Structures are given as C-alpha cells and as structure tokens.
Amino acid sequence: MIVVEDPRTLIRRWLSAESCIVVGKSIERSDSLEKALGRARFVEDYLEEGYLFARLALAKAPHARIKKIDYSKALEDPKVLRVFTYRDIPGENQVGYAVPDQPLLAEGKVRYYGEAVAVVVGKDPDSVNSAVENVFLEIEPLPALFDPLEAMERGDILIHESLGSNIAFRTKVRKGDVEEGFSKADVVVENTYRTHHQEHVYLEPEAALAIPDLENRMTVIATIQYPHLGQKIVSKVLGLPSSYIKIIAPYIGGGFGGKDDEGPLVAARAALAAYHLRRPVLLYYTREDSIQTHPKREATVIKYKSGASKDGKLTAIEVTIIHDSGAYANRGPFILWRATMHASGPYYVPNAKVDGYCVYTNKVPQGSFRGFGNPSVQFAAESQMDQLAEKLGLDPVEFRLNNMLRVGSDTITGQVLTSSVGIHEALKKLSAVSNWRVKRLEYSERRTGRTRRGIGVAVAWHGNSTSRAVPDWSNSYIHISRDGSVNVYTGIVEMGQGSPSSSHRQLVSEILGCPIDKVKVVFGTTDAPDTGATHASRGTSVGAIGIVVAAGRIRSRLESFLSEYYNVQREEIKISDGVVIVGNKIKMSWEELVALAYSKGVDLSATGYFFLPKGTFDDDAGRGFAYPAFSFIAIIVEVEVDIYTGRVKVLEVHPALAIGRVINPDAVKTQVEGAIIQGIGYTLMEKLVFADDGRIVNDNLTDYVIPTSHETPVIRNAIFVEDVWDYGPFGAKGVGEMAFIPMPAAIANAVSHALGVRITELPLTPEKVYSITKQLVG
Amino acid sequence: MYYKLPKIDYYRPKTLDEAIRLLREIDNSRVIAGGTDLLVDMKTSRVRVRALVDISSIPDLRGIEDLGRTIRIGAATRLQELIESNVVSQNLPLLKAAVESMGSWQIRNMATIGGNLCNASPAADTAPPLLAYDAEFVVIGSEGLRVIPSTKFFVGYRKTALNPCEILKEILVKKSEWSGWSYVKLGRRGGFTLSVVAVAVLAKVIDGVVYDVRIALNSVAPVPIRAYKAEEVVRGKRVSWSLIEEAANTVAGEVTPIDDVRSTSWYRREMSYQLAKDALAKALGVA
C-alpha cells in the first residue's frame, strides 16, 4: 500500500469523514482548569528577579516636527538605565505592514497624540514611571487634521509629505454597468452612513519580555497573534537574521486583532532594549498607554446607493467607502480591501461600482479588529436592504432570500462560487425558528407608548483567508514520541478562542486514531513552522489545515506499515480512539502500535505544509478572485427602546451560521456569544472621545464603557448549516469574527423598526437615540 | 505592573484620636477607608500623597444602628453591609436602592459610605438619598465633634466642608414616615457604572396630598444637589400628572449640568426632567 503524502488527497479524505469520535463534539478544552485556577501563565508571569522594566514615552502632540528628544532629566535617577529612541535602532525603524510609512519609534515627526517616541528602561517600575514623565519633546507644532473628509481634500497640510496627498490607499471593484443597473431600478435608496472607532479592551494589555542569549538567540515572550511576523519585525529592527530571533506567544489575555498589529511592535521595542542592555527587559503597557497608542477599529463614512426592481431583485450598487486611517496606514489597505470586496453583502448584484479610500488623519491609527472592515460596510449594506424592501413592500427576509448568493452565483468581483454557500438555507431556517414574521408584524402595529419593540435582521459574509491573491498557507509539525504521546507544533496562538486547546487536539486525535489526552499542542512559537497569523477567523480553519496534512501523513504511514506488515488491505485496518484492529485477529493499543512502528523504522514525524490555491485579482479593472471561501451568518435581533430616555436594550439574539463543519460546538458557541456581546457594546455604548488635540480622553475603563452581564441578552442556540469547504479541516470554515459582523446592522435595523425612523449613524448611545425619539414624542 | 502603588507610609490606627493625631502630624497624609477610588487615583498618579491613614479598622466608625429615633451609620461601613442590613432596608429603602446601583459586588465589599461621600464626586450615588433624608454628618477633628447637615457638606467640585485634619465619623438619619421613595439612575450601561443623571425622591402623601417631598440629584452640577424649587412646587399640593410635569420642569431649570466625557449638558438637562418625572411618579404613587 502506498503512503499518501499529497496534501489535497489527505484533506479530501478527512473532508468526507462521516462517523467521528471527537470531531463535532464539545470536547473540553485542555486549558480550562489551569485558567479557572489562575495557574495559566501570561507574559508578566514569566518575570523573574533582576529583570529590567520598560515603558513607552508617548507623544503629547497630534502633529509636529521633532526638534529634540530630551531625556536628560529622566536619566538623573540612577535606577533609570537607558532611554531608547529611533537613533538606537541598529536595523530599520520602518515597520509599516502594508506601506512603508510607520516608524517603530517616532522619527522626524509625530503624527498622533499617543505615538511611541521612546522606550524608558529602569530597575523598578516606580523609577520608570517617573522617568517616562521626564522625557520631553521639543517640537515645532504643525496644523493637524482630524476629519477624514477634510483630510482628503487638503493638499496644504500633509501628514506624510512624500505621498503628496492624505489618501494612503485606494481600492475599487467594478461589475457590469451601474448606470444601466440604476435605470432598471424601480426603487433607489441613497444614504451616508457613519461608524466609529472601537477599542479592543483585551483584559491583558500589551507586553513583551525580551531575553537575550537564551538558546543563543533573542527570545521574546510577547502578547502577539503571529509569532513569525514578530520574528520578521524584530529581525528587521535589530538587523539580525530571523533564525536568531525566537518568539513565544504564551497564553494571551485577548487579542481581537489588536495584538496582530501591536504585538510585533511591542516585541521589537522590548527586544531593542534587551539587545543594547544585554539583560532581560519587560516592556509593559499600562491601560492608558495601550488605549492611547494601539490601533483601533476603523471609523468610516460610507456613501451607499442601491437600486432594485419591482420583482424584488437588486439591480445595482454604487458605494464609496472612506476609512479614517489615523496617522499610519498600518493594516488599513487590507482592511479597506476587505470592506470593498464585501460591500454588496452576500447577494447577487449584477452591476456594482465600489471605491475605497484609506485617509490619513492625526488620530490613533486604524487597525485590525474582529470583522476587519466588514462590520461597518455590512451595516451600510444591510441598512440599505431594509429600506429597499420597505419601498418595494416586501418583507426584509423575503427580499434578502430573493437576492441571496447560491452555489453558481458570481459575486461583485465576478468570482463564481462553486461550493459551500449555505446562507440561503440558514436564513430560511432562522426566520422560521425565531418567529420572525409574526413578531415583525406585531411590533410594527404596536408603535405606541413609552417602550417600543423592534425586530431586525442582518446577514453577513466573510471571506476566509487574505483578500485577493495575497499568499496564504498553513503548516504544522507533528511528532509522536516512543510512548505514544503526540506533540503538535503550531504557530497559531491561544488568546482565549481555544483552537490549540480544543479543535487542534480533536483533529489530531481523530486523524491519528489516538486517545485525545495523548495530544499536546505546542502553540504560538516560532519553533513551529510558519502557520500564518491567528487572525481572520483562521485558527481552526486555514490555520489547522497543516495539522490535517501532517497528521494525515503519519496516519497514512501507519496504515501502509500495518498493511504490509500483516499483509492486509487498508479497509481491514481500524485505528480509532486508541484501539488498533487489523483484520479480524489482531488487536492492539495505540501505544503498542507506536512501539511496533518505531521498532520497524516508520517515520512518525511530519510537517503539513499547504499553500492555499487562489485565483488572481486585477486591481486596475477591479475584478477577479477575492477569497477561496466565505463564511456566512444571519442574525435576528429583538430590541426594546425607551423613547423617553433613548435607552436601547437588546432582548434576544438568534444566530444562524453557515461555517462548514463544526469541529467543536461549544467552542463555536463561545465565539458566537462573545462576538454578540462585543457587537452590542460597539453598537450601543463604546465610543472613543477625542480632545481638540487628538488625545483620547477616555483612556480608562471608567469612561470607556464596555458591556457587562447586564447588557447580555438571551442568545438562542445557533442554527448550523454545515456547508463544508473543500480545503477546510473536515470542511471547517472560520467562525471567530462572524457573529460580530452583522450585529451593528441587526441592532440598527431593529431600532429603526421599533421607531419607524432610519438609523444611519453609530453608536446608538441613549443620547443619540433620544435626539431621534424626542422628535417622535414632541 | 505599572499600577503599583508608589512608596508611601501606611498607618492603621485603632482609635479615632490616634487617626486624627496622625493626620495632623504627617504632612501630605490622607485618610483611606475602602480605597476603591483613592487607590486607583494613586496608581495612576492623579493623587500623590506621602502617607495613608487607614481608618477602616477603627471600631467607632463601623456599624449600622437603630437608635430609636435615629439611624446611625458608621462612616467606614461597607456598601455591601448597607444592602444586607435590615435596619437600612426597613428604614432607609431609598439609600439601599441607590447603593444597589453602585459598582460590582466586589467593589461594594470594599467601598465605604464615608469614602463615597468624602470623595465628593458629583456622581456619588450615596449623596442624593442622604440629601433627601436630610441626613446629618458627624465629623471629628482635634477640636472635637461637629455636625454638618448633608446639604452643607458638598461645597464645590470634589470639595467637602471637612477641615484638613477632620474625619467623617458617622451619618445620622432621623426616622420619618415616608409613603413613597424612588431612586432612578441612568448610566451608560445597565450596571457597574457611574451615573449620567440620577434622581432620588422621598414623598409623604396623605389622602392624595403631598405633605412633604424631597428631590435630590447627582451628576447635574458640580456637587450632588437638592432641587428645592421643585420641592416647593409639589409640597402641599394634590398629586396629579400636571403637578409632576411642572415639578420635573422645575428640576430641569434648577440643574447646571456640563458637557463631559460621559454625556452632554443638553442630554443631562433633558434627563433631569425625565428621570425626575419617573421618580416623582413612583414616589407619589401614580406610576
């Protein structure tokens, strides 16, 4: 029997697996107990006696030329050892992810209040705290821009002079002929939508512990979502080969995308200090430093025009998306790409024109955050869908189903979807289960009195993997020890979502046939092969394909070995849950199989590299391949609005997901619930307040308010449509971001329904809603 | 990590005399009770002091007592103790309701009523009920005891009538028969948050006539306030919707809210009206 090493064959084999032992089950996470007991270690827990402490000195001006960085007073304290600025960087200071516009430490100019200027290192936190206040910038102030619409127009004030414009990046999608499309429309809706920033509020602020000379390398233990990217950035900043840099992401106290942006930077800043001082340095952000300096969810202005014909079909959309990028592009171009590609929502639209602008302002940069540009554009798209339905006299769910993408449809970029499009079925089921029609009618007829009820729907899609042809891959390394225990090495991190502690173990146990407690996942390390980032909902989907391939290879070797050794067909070999049966006579344990394989020279170590096949996208034409697959979600939300105070309460949320195979239902449930609550916070209460100088005023958790259990509604069990994806592990697609994406739209649609007034701007704070309802009350 | 307390001297006196002596003798010293406000301010350097005098283990400052005509609450009584006290729930239900809206269970188990009052935040939630009850604050200093009416205690933004080395000892509330009460708080979320506006109302209604009424608010002025003019509007009148409406309008005219990170002056004024209406309706028994 031939050993199968080909990734596609292996992926296909497990895609069609029907009866599973652990996949599809709510297996308990391996980290739940140590986390509940407080034994799990986070970056700060690796601190040892004698290590040095570091904090950032941040800029206190929104836009200025730096004449001098004066830290002489900081160094007066003998416990303060060094203050590092851009001058101390042995390699490159340039760390922009998408475009080369961002310094690790401010150089020449500061472009936002809160920008990192220096790393202050000392022997104890008290000294460092005082020293930070004694780092002074001598500056020549420059006029600052805070409004992206103004910044787009201004050529006299430039945030990045060399660019000649404040537009950092443009995107576009073109399909058909929008003018013709609108001419065929019987109804047209046109609106401008505005969405706001969001702070991640991960429980653990950014931190990095850099230890020089451990294993003869610079080792950095950091709050980071992509260890190999951290390795690349640290290598660039220090001017050392990547092989001399080791990054470890221990348990991380929440990421949500924020530590994908800031993680490599915090690692590089700590490494810079440790490199010079040749001593371990812990760089730690206070909550205030964290809120002031790290990138936020993008604020947007979205102009959206869409048309539909009397028979309930969309005819055209024309969309302009403007992202307030803040001082640096950071991942803005990628975020804008994603928004642009998803602008239609999961609908078939024959004619589309979408233009995106990523615009510099003198504010905190925009960055990665659960949904990555998609929640804002789905808010606009799904608000439009409700208004079109209303004008056509159609039920919002019916109208959506009429236009829903199906297998064989082409998207606005012209990509034909060949499989895995379960959203039509998901919304249909959801509508029935949630009693949508009855409630929609009931609440419409009861728009009187102080509290008004509303029910709203929103649908969203989210491309798996990176946008367009940007390369994406998966990998892992699996090694079975002589005692039958299994080590899985992956770059995927554990930041609360649980992929390394649940689904990865399930996949390996299922494929190898070993008991699940034999599987130990070593995660978040550059000692694993580059697995890509733990972002874009990929930890258990794209991120775990490498695990399927590596485990599949070893399984195939074991089967081939048994087949030859006992002279039987593969069909006669069963390895499952630690029990090995060959033919009808031979039965052994997993441990016995491993011992036998070792003694006969079977290689029980394997990597699982898989390069994701993609098409091409023509940037000039605005057409082509966007994503290898899409995850889908539909959400129905019920709200109650107190029209005398403007308070909105989300009462009940019904989710339905089409995310391919569900590897661990409980893990999916926790992701869905977390995202819903985070979405409620974003839509109803979270709001950064900027002072006139661009400083974030509410840089603490007293005044940046996030939801608590008081705001948590009834969340119904999710409906799953398992529309398997050909390359996903057992057909799994991504889920982590999904439930966040439609929440702003669903809540806004429900509130609009309750009030009979269209909402176009977020957040729906009591104050904002009251400014609307006051007109209703008179 | 960087929220470590700076180095300070810490004293835990066993008696009030000792506490007062320490405060007088040590420059730049400050009283600490629960520390839920002060420690946060110290960790973020908003407050810098050289020494803390912890009064939380002085027996004289603890406890809730029914003295017959008066209820006595020691200043270092924890908020959670107020919620769990039968004396409070039977005699001061308005105070209980306000305290229930404060912080989380963990914070209420540390924070003290005296701390909330002496911190003198305009948003202090124990203030409106105590203003409404016309409570008296007994303070002690090196000159001895003196009594400050609650309505004279808050003298300006985060300022109290306490002299530098004085300590709030206890809160006295005369018992009185109130037919209705209400605490209505609007925050930026459902709980565990500071108020945007809160209104406390006590009312004594007999046969449909308001014999007495007290209205107090927080977060609408530099200090927690009583809405005396609105009280005048209601006092002695027959309960009706139009009376409530008129009183609520008067409240909105009495407040002097500002724009800040939590809300705007406009919304606070609007909500002073609305919440006063809701609180009056409930306290006057027409809700």
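Trainee: Which residues does V88(B) touch, not counting residues up to four places away in sequence?

Mentor: Contact means heavy atoms within 4.5 Å. By that rule, V88(B) touches I64(B), L82(B), P93(B) and K96(B). Before we go on: this is a predicted model, where local features need pLDDT of at least 70, side-chain atom pairs count only at pLDDT 80 or more, and totals for chains, interfaces and linings use all residues. Residues are numbered from 1 along each chain as its sequence is written, chains are lettered from A and ligands numbered from 1 in the order in which they are written, and side-chain values use heavy atoms, with hydrogens and water left out.

Trainee: Where is V88(B) found, and is V88(B) buried or exposed?

Mentor: Helices (H or I, at least four residues) and strands (E, at least two) are DSSP runs, numbered from the N terminus. V88(B) lies in helix 4 (residues 86-91) of chain B. Buried means under 20% relative accessible area, exposed over 50%, partly exposed in between (1.4 Å probe, protein chains only). V88(B) has a relative accessible area of 0%, so it is buried. As for I64(B), its C-alpha atom is separated from that of V88(B) by 7.9 Å, with the two residues 24 apart along the chain.

Trainee: Now the interface: how many residues of chain A are in contact with chain B?

Mentor: The count is 35 residues of chain A, against 28 residues of chain B. Buried area is the accessible area (1.4 Å probe) that two parts lose on being put together, summed over both. Chain A and chain B bury about 2,700 Å², 56% of it on carbon and sulfur atoms.

Trainee: How many salt bridges does the rule find across the interface of chain A and chain B?

Mentor: A salt bridge needs a side-chain nitrogen of Lys or Arg within 4 Å of a carboxyl oxygen of Asp or Glu. The rule finds five across this interface. One of them joins the side chains of D703(A) and R188(B), at 3.3 Å, N to O.
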